[in-house]
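Subject: Structure for you to look over

Dear colleague,

Please find below the structure that I promised to pass on to you. My notes on what was found in it follow directly after.

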Amino acid sequence: MEDINNKFIIFNAQKNYKFLCMYLYDLQSHINYCYENNIINLYNKNVILGKIYELVKEINNDYNNFIINKIDF
């Protein structure tokens, strides 16, 4: 029973991870669109994309640590 529970937890983590990554990818695409249409300038584009990059790194790190801890269970 515990094995099924762990698989379910990992499945949900993967689903949430995919959702967050797609959300941040879409946000990045939107920022590039805004820059290409002169809605934001290059400086603001780079600042926002830098923050998105930091979020992606943090999400990847947290996800990897979570999966490793669940597998070591």
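Helices here are DSSP runs of H or I with at least four residues, strands are runs of E with at least two, and both are numbered from the N terminus. Please keep in mind that this is a predicted model, in which local features need pLDDT of at least 70 and side-chain atom pairs count only at pLDDT 80 or more, while totals for chains, interfaces and linings use all residues. Residues are numbered from 1 along each chain as its sequence is written, and side-chain values use heavy atoms, with hydrogens and water left out.

To begin with the overall picture, the protein has 2 helices and 0 strands. Its radius of gyration (taken over C-alpha atoms) is 17 Å, well over the 11 Å that the globule rule (2.2 Å times the number of residues to the power 0.38) gives for 73 residues, so the protein is more spread out than a compact globule. The C-alpha trace spans about 55 × 15 × 10 Å along its principal axes. Of the 73 residues, 19% count as buried, where buried means under 20% relative accessible area, exposed means over 50%, and partly exposed lies in between (1.4 Å probe, protein chains only). Taking contact to mean heavy atoms within 4.5 Å, 62% of the contacts between residues at least 6 apart in sequence join residues at least 24 apart.

Which residues make up the largest nonpolar core? There are 7 in all, namely Leu24, Ile31, Cys34, Ile40, Leu49, Ile52 and Ile59, a nonpolar core being a set of buried Ala, Val, Leu, Ile, Met, Phe, Trp, Tyr and Cys residues joined through side-chain atoms within 4.5 Å. The elements that give two or more residues to this core are α1 and α2. Isoleucine 31, leaving aside its neighbours within four places in sequence, is in contact with Ile40, Lys45, Ile48, Leu49 and Ile52.

Lysine 70, which is found in helix α2 (residues 42-71), is buried, with a relative accessible area of 19%. Again leaving aside neighbours within four places in sequence, lysine 70 is in contact with Asn6, Ile9 and Ile10.

Turning to helix α1 (residues 2-36), leucine 20 has its place there and counts as partly exposed at 36% relative accessibility.

Phi of asparagine 38 is near 60°, a positive value in a residue other than glycine. Leucine 42, in helix α2, is partly exposed at a relative accessible area of 43%, and its C-alpha atom is separated by 29 Å from that of tyrosine 17, which is 25 residues away along the chain.

With best wishes
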